[in-house]
Amino acid sequence: MASERYPVAITPEMAALIDPCDPTDPIAAQFVPSAAELDETPDERADPIADDPFSPVEGVVHRYPDRALLKIVNACAVYCRFCFRREMVGPGRGGLSAKALPAAIAYIESQPQIWEVILSGGDPLILSPRRIKDVVGRLAAIPHVQVIRVHTRIPVVAPERIGAALLRALRTEKATFVVLHANHPRELTPEARAACARLVDAGIPMLSQSVLLRGVNDDVATLGTLMRTFVACRIKPYYLHHADLAPGTAHLRTTIAEGQALMRSLRGRFSGLCQPTYVLDIPDGHGKSPIGPNYVNQRGAGESDAGATTLIEDYNGRRHAYPPKP
Ligand code: SF4
């Protein structure tokens with residue numbers, strides 16, 4: 001059974017959103033195990049974006065020069081059926097040990113090019129405010145670390161955890177961003193919106209990240225509404241991830257062409273504030289690349305490169321020469 005193979009957890013807030021009469025419910029699709037998870041495809045892999053080869057010490061992933069990931073806990077409040085770290089997270093997998101955390105911080109201290117540290121996991125905000133304050137304080141004390149970014153699902157899946165103690169824990173003199181992971185507009189309940197408002201009102205800017213998921217948000221109405229909901233909550237849409245090649249997740253993945261068509265549909269029909277960057281984490285650790293549609297030099301059948309003029313496609317699909325004829 002899928003529930004024996006991969007971790008399962010859902011918070012009461014998310015369980016309450018599921019329509020038990022809808023076999024295609026988009027919230028259930030994210031959290032309720034499915035037999036389809038037992039079907040693995042040859043291109044799927046346990047470590048889809050290759051964290052391990054880029055981990056110089058336990059808990060740190062250092063893939064890009066100016067930023068590093070600090071995975072402070074390997075557990076979450078919910079377990080997403082599409083999680084790219086599904087082989088690494090699970091209940092009872094605690095935080096970094098008393099020995100590993102100082103070694104991870106020491107590594108970041110030793111690398112002056114690290115300008116930004118991303119707290120991840122797992123979900124870092126399942127830790128107590130005391131532990132979060134300790135980690136944030138240690139990072140903020142490193143002179144070359146100017147930005148601390150926290151990736152979390154907590155404001156939507158367990159909004160009551162965003163309380164005064166946690167807000168105090170996140171407060172530092174360094175720029176601190178919270179990046180909210182949500183995939184369907186229904187996740188932004190009144191309680192979740194209030195939790196996000198507490199963060200923003202405390203001076204913590206918020207960004208969003210979503211995963212493009214078949215049957216959850218792979219239609220323009222749902223995706224556009226999700227982005228508008230973020231913006232209305234003062235959360236700037238940041239990333240729309242193409243789903244990673246995590247084991248047993250093929251039933252939830254779209255094609256890149258489908259993702260690009262959705263991005264094309266968002267452009268022009270929804271405010272510029274509502275446009276995330278569609279990205280793929282290239283397997284084997286080659287990093288993120290934007291994979292959205294290209295609007296430059298879109299040529300139709302019979303058009304040649306001879307005497308090339310740059311053509312720019314507008315949001316209606318019409319092409320225009322640039323610069324225009326005088
Ligand atoms: S909250 Fe994040 S780390 Fe945890 S299961 Fe979901 S996607 Fe994975």
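This is a predicted model: local features need pLDDT of at least 70, side-chain atom pairs count only at pLDDT 80 or more; totals for chains, interfaces and linings use all residues.
Visitor: Why is Thr-249 called buried?

Guide: Its relative accessibility is 2%. The limit is under 20%, so Thr-249 counts as buried. Thr-249 sits in the loop between β7 (235–242) and α10 (256–266). Strands (E, at least two residues) and helices (H or I, at least four) are DSSP runs, numbered from the N terminus.

Visitor: What makes the pair Thr-249 and Arg-253 a polar contact?

Guide: Their side chains come to 2.8 Å. A polar contact is a pair of N or O atoms within 3.5 Å; within protein, one must be able to donate a hydrogen and the other to accept it, and residues adjacent in sequence count only if both atoms are side-chain atoms. The 2.8 Å pair therefore counts as a polar contact.

Visitor: Which residues does Thr-249 touch beyond four places in sequence?

Guide: Glu-44, Arg-81, Phe-82, Arg-86 and Asp-244. Contact means heavy atoms within 4.5 Å.

Visitor: Why does Val-178 count as buried?

Guide: Its relative accessibility is 0%, so Val-178 counts as buried. Val-178 belongs to strand β5 (residues 175–181). Outside four places in sequence, its contacts include Val-150, Leu-170 and Leu-199.

Visitor: What makes a set of residues a nonpolar core?

Guide: The members are buried Ala, Val, Leu, Ile, Met, Phe, Trp, Tyr and Cys residues, joined through side-chain atoms within 4.5 Å. The largest one here has 77 residues, and Leu-170 is among those with the most contacts inside it. Helix α4 (residues 100–109) gives the most to this core, with 6 residues.

Visitor: Why is Tyr-79 called buried?

Guide: Tyr-79 has 4% relative accessibility, so the label is buried. Its place is the loop between β2 (67–71) and α4. Among the residues Tyr-79 touches are Pro-7, Phe-31 and Gly-90. The C-alpha atoms of Tyr-79 and Gly-90 are separated by 7.7 Å.

Visitor: Why does Ile-312 count as partly exposed?

Guide: Its relative accessibility is 32%. That lies between the limits of 20% and 50%, so Ile-312 is partly exposed. Ile-312 lies in strand β10 (residues 310–313).

Conventions:
Residues are numbered from 1 along each chain as its sequence is written. Side-chain values use heavy atoms; hydrogens and water are left out. Buried means under 20% relative accessible area, exposed over 50%, partly exposed in between (1.4 Å probe, protein chains only).
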